[in-house]
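Biologist: Before we look at any details, could you take me through this structure step by step, as someone who is new to it?

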Amino acid sequence: MSTLIKNISSLVTIHSCSSPFKAGKMMRDIGEIKDGALLFGEEIEWLGTTQAANEKLTSGSISPDKIIDARGKTIIPGFVDSHTHIVFAGSRANEFARRLRGATYREIAESGGGIQTTVKATREASIEELVENGRMLALSALKHGTTAIEIKSGYGLSIESEMKMLRAIKILKQELPIHVSATFMGAHDFPPEYKDNHQKYVDLICNEMLPAVAAEGLAEYCDAFVDQGYYTIAQAEKIMETACNFGMKIKMHCDELACVGAAELAGKLHAASADHLLYISDEGIQALKESGTVATLLPGTAYFIRLPYAPARKLIDAGAIVALATDCNPGSCFTENMQLILSLAVINMQMTAEEALTAATLNGAAALGLSDSMGSLEAGKKANFLILDVPTYEDLFYHFGINHVEHVFVNGRKVV
Ligand code: NIG
Ligand code: FE
């Protein structure tokens, strides 16, 4: 079954030219086709101008089963949200209200709240509850245009609870209409049982958790929170090396609360991505650029916990590969809406609309090793795209704070 969409006012392809990502200046090159046309089954079969499509129809070289008119609409690749924590239990609305009254994110964490609040609730929750919460957030993300999502564990911090989270993610992977990538993040914080013996918990991660996760094939990536008051460079290096030996790829939460040289470590280990980077150093920027590690920026977090934004301009101008993601989680950024992230990126991180689109699609796919099949609209890639109810892609940014997604197609099937 093939479908032709014609008269697309603005068709944003992000044409990758077979590269898995776009770095630096190339991020502005989004391959827009005005008055475009798109022919697809499960995969994209052809795209070009409506005039070229009409010629093909006349000559009989294409004969779609269905033709859709998209006058006044914009089509872009589905968003790839490469960093989320959407599997968790409980709410931190009261801690959020405390922050509005003046407490900081760090103060709440130091008083025993923060991640620990969610750890307690997640440990007590059944796997069914975790799946239900994750499903609700993932389906809401989908309605806002997300067609592939990464989900981390990290609110269990014991073998049983981390495995429970990862098994919940596996169920979501099987049942959701969108692609799900799974990340093990046992090194998200230290559990209360090991609060006075961090090294012993690092040993538990390396000697028991990682082998158990690998034996069940539950995670493609391993992540750690490398920051002041969390995991040290040495601890993270040990965990990441062990994860690599189990065939996992690396992601790292880097320099989110303070500059600790985490981005340099991500570069040294050739991590798939280094995320957050609010306090990245110039050396860190160079390290990411040289290693080809995707710099994943999460402006929703800077917004939500009122921190300075990551230096997106410096990263792009240095030639780095920048991606955008939500970081959706109950504490530091509770949104699953990628359109809001794009808005924050262009207004508060001085990214251009074109750079933001590339970052939220192709470069997000690169951060998950998915760009051979997703992240741009090109013949042979999956037909994962959004029909937006705006005449140009600029309008997506211009008219902010509302949901512009009219339809979402995943593998050629309309799911929204
Ligand atoms: O990505 N940085 C560490 N972890 C999350 C916050 C988790 C939480 O507060 O529950 C983050 O910002
Ligand atoms: Fe995170």
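Modeller: A polar contact is a pair of N or O atoms within 3.5 Å, and we shall need that cut-off for a model that is predicted.

Biologist: How far is an oxygen atom of ligand 1 from an N or O atom in the side chain of Tyr155?

Modeller: Tyr155 is listed among the closest of the 15 residues that surround ligand 1. Between an N or O atom of the Tyr155 side chain and an oxygen atom of the ligand, the distance is 2.6 Å.

Biologist: Which aspartate coordinates the iron ion (ligand 2)?

Modeller: The iron ion is held at 2.1 to 2.2 Å by NE2 atoms of His83, His85 and His253 and by an OD atom of one aspartate, with the donors spaced along the chain as H-x1-H-x167-H-x73-D. His253 belongs to strand 10, while the aspartate, 74 residues away, sits in the loop between strand 13 and helix 13.

Biologist: With which side chain does the side chain of Thr392 make a polar contact?

Modeller: Thr392 lies in the loop between strand 14 and helix 16, and, leaving aside residues up to four places away in sequence, Thr392 touches Ser10, Lys34 and Thr74. Its side-chain polar contact, at 2.6 Å, is with Asp395.

Technical notes:
Residues numbered from 1 in each chain as written. Chains lettered and ligands numbered in written order. Predicted model: local features only at pLDDT ≥ 70, side-chain atom pairs only at ≥ 80, totals over all residues. Heavy atoms only, no water. Donors = N, O, S within 2.8 Å, 3.2 Å for Na, K, Ca; no water. Helix = DSSP H or I, 4+ residues; strand = E, 2+ residues; numbered from the N terminus. Polar contact = N/O pair within 3.5 Å; in protein donor to acceptor, adjacent residues only side chain to side chain. Contact = heavy atoms within 4.5 Å. Near = heavy atom within 4 Å.
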